[in-house]
Structure formats: structure tokens, C-alpha cells
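Subject: Structure for you to look at

Hi,

Here is the structure I promised to pass on.

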Amino acid sequence: MTSFYEHLADATRIAIAGDWHMNILAIDKILNKVERMNAQVVLHTGDFGYFPSKEDYSTYVTHITERAIKGGYYVVFIEGNHEQYTGTEGYWWSSETILTREGLSTLKNKADEHGFVAITPRIIWATRGAAARIGTNKGRGVSFIGLGGAGSIYREHAQMYGFWSPNEHVTNEDVARVADGVKRLGGSVDIMLTHDAPAGARVPTVHAIKPDDAEARKLNRRAVEEAEVTRERIAEAVEIAQPTVLFHGHWHRFDRCAQTTIGNVTVPMIISLSDETGVNNLYFTDTSLWEGTEREIEKNLHRGSLWL
């Protein structure tokens with residue numbers, strides 16, 4: 001992982017991406033834009049498509065890895081609710097590209113001291129609480145922290161295909177890992193990545209399903225309740241991290257909301273990214289745009305001048 005951290009220190013151009021869902025047909029369009037913008041790090045908000053027992057998985061991650069090597073970037077993803085948490089049966093082989101096929105529930109135990117695990121030479125999983133700083137060789141850098149996981153309200157669909165796991169939910173231990181990650185960053189978080197929106201954040205109305213709505217929407221009430229608990233735990237982590245910007249996916253709709261109160265803190269900007277089929281799946285920034293005082297950075301955020 002030494003080369004990964006050296007790359008982070010040298011990198012300046014950052015892309016932030018929403019759900020990709022192992023969509024091989026859509027990925028080239030996304031990576032074309034990543035490469036046109038000369039991004040050196042892609043931060044991904046989950047539902048990346050970690051399904052190592054699926055037939056198309058090898059093609060998917062090998063293609064991304066080959067393009068990332070040629071384009072000079074890494075993809076760093078947090079997990080969503082649509083990933084493979086359980087073990088992989090029948091596909092235990094690995095290669096120079098496929099470094100692991102282990103389920104996320106046990107693979108997390110192989111994370112390094114910063115919380116990262118390489119799944120290919122250019123695709124890195126950021127476990128819950130993983131934190132690092134990008135661009136430190138060129139200035140103050142941009143810090144980020146990850147908290148993957150989300151509750152599946154359409155749980156039966158995932159169960160049907162054998163990929164649902166209760167480990168998709170965020171736990172109190174995960175919140176504690178975020179607190180540890182914030183300490184490693186020195187208490188300052190520029191970008192926080194979550195898969196679901198924290199409780200208190202705005203989500204598209206059609207998707208904002210509460211437990212009392214479950215029956216009318218023909219959903220499992222318990223699944224909706226557990227998803228709400230996960231959002232509340234994400235909110236607890238946000239209160240600890242107090243990020244300048246929070247990016248999330250999960251809802252497959254673009255939204256941007258300023259000055260959002262989450263618990264006892266105000267998050268200057270929360271951005272919901274669309275999925276791989278939408279036009280707002282990617283945001284770009286550069287570490288040079290984050291120079292200045294905290295107040296200056298927040299002013300630039302609201303002016304829109306932190307983004308490329």
C-alpha cells in the first residue's frame with residue numbers, strides 16, 4: 001500500500017463519484033470524463049459493485065484497473081448496501097489484478113492502520129472510519145473520511161439473489177471508528193463520504209420513506225425501521241466528523257443542500273450524487289482550491305469555486 005499513500009500525497013485533482021452498480025456498459029462514459037479532467041483520485045460513495053462471486057465481476061474490476069493504471073489514478077470506494085458482504089463460493093482464485101474475492105464482512109479485518117484494503121492494484125476499499133489526506137506534497141491537502149453502509153428497504157430483492165447481509169447496517173462500533181479516523185486527521189475533515197444520507201438531511205420526496213409508509217408502499221416495515229436507525233447512526237458520525245462537505249449516493253438522485261442541521265452541528269454542504277445513468281454522477285475539485293482559512297474555504301464552497 002506504500003505506492004497508494006505516495007500517490008495520495010502527490011495527487012491534486014480529485015473526482016467524487018456516486019453509485020456504479022457494477023454497470024460495465026456505463027463505466028466507460030464515467031471513466032472518460034474522469035480521464036478528461038485528469039483526476040488522480042476517485043472517491044466513490046458506495047454501491048461500487050463489489051460482487052466477487054458474480055460472473056462479470058472480473059471483467060468489471062479488471063477494466064477499471066487497466067484504465068486507472070493507464071490514466072494514473074486510483075479508485076477509492078466505501079461500501080453501499082449493494083455489495084457482497086458474505087463469502088465467495090467457487091471463486092477463490094486470484095491474480096495480479098484480482099487481489100481478493102473475500103466478502104467484505106471478513107475482508108475488513110485485513111485493513112491497514114488507516115482503514116484501507118486493496119482489492120486490485122488500483123481499486124481500494126475504504127472501510128468504515130478509513131481516513132487520509134490527499135495532496136500533502138503540494139500544500140495543506142484535502143482530508144477525507146469514509147463511512148459505508150446503508151439499510152436496504154427492498155431487502156427481499158437482495159435476499160433473493162443471496163447477497164443481503166445485516167452487516168450493511170451502520171453500528172455504534174462504526175461510529176467509534178469514525179471518531180478514531182477524525183483523530184488521525186487531526187480533527188479536521190474536508191470531505192466525508194457516506195452511502196446513505198444522514199438523518200436530518202434532505203432526500204428526494206418520492207424516496208423519503210418512513211416506517212409508517214411501509215405498508216402503503218408494500219415494504220417490510222422492519223427493514224424500513226432498521227434503515228432509519230442506520231441513518232441516525234450516520235448522523236451521529238457526522239456530528240463527530242463535522243465535515244465541510246458530505247457526499248452520499250444511495251438515492252440515485254442529484255441534490256445539493258446548504259447549511260443542513262445534523263444533530264447539533266451544521267454541515268455547510270450536503271451533495272447527493274445520481275447513479276451511473278445520471279448526468280450528476282461526478283464532481284471534481286483540486287487541492288489547490290482548498291488553500292486558505294476555514295472561513296475562506298466555506299465562502300468558496302458557497303460560491304461554487306471549490307468545484308471544477
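Let me start with two helices: α2 passes α3 in a right-handed crossing (the near helix is turned clockwise from the far one by less than a right angle). Helices (H or I, at least four residues) and strands (E, at least two) are DSSP runs, numbered from the N terminus. The contact (heavy atoms within 4.5 Å) involves Ile24, Ile27, Asp28, Leu31, Asn32 and Glu35 of α2, and Thr59, Tyr60, His63, Ile64 and Arg67 of α3. Helix α2 covers residues 24–36 and α3 residues 57–71; their axes are 11 Å apart at an angle of about 15 degrees. Axes are lines fitted to C-alpha atoms, for helices over the stretch in contact, and angles run from 0 to 180 degrees between N-to-C directions.

This is a predicted model, where local features need pLDDT of at least 70 and side-chain atom pairs count only at pLDDT 80 or more, while totals for chains, interfaces and linings use all residues. Residues are numbered from 1 along each chain as its sequence is written, and side-chain values use heavy atoms, leaving out hydrogens and water.

Now the sheet: six strands form an open, mixed one in the order β6-β7-β8-β9-β11-β10 (strands pair if DSSP finds at least two bridges between them). β6 (131–134) and β10 (255–262) each have a single partner strand, so one side of each lacks a neighbour in the sheet. Strands β8 (residues 191–194) and β9 (residues 245–248) run parallel, joined by three bridges. Helix α8 (residues 294–303) lies across β9, β10 and β11 (265–272), at about 40 degrees to β11.

Best wishes
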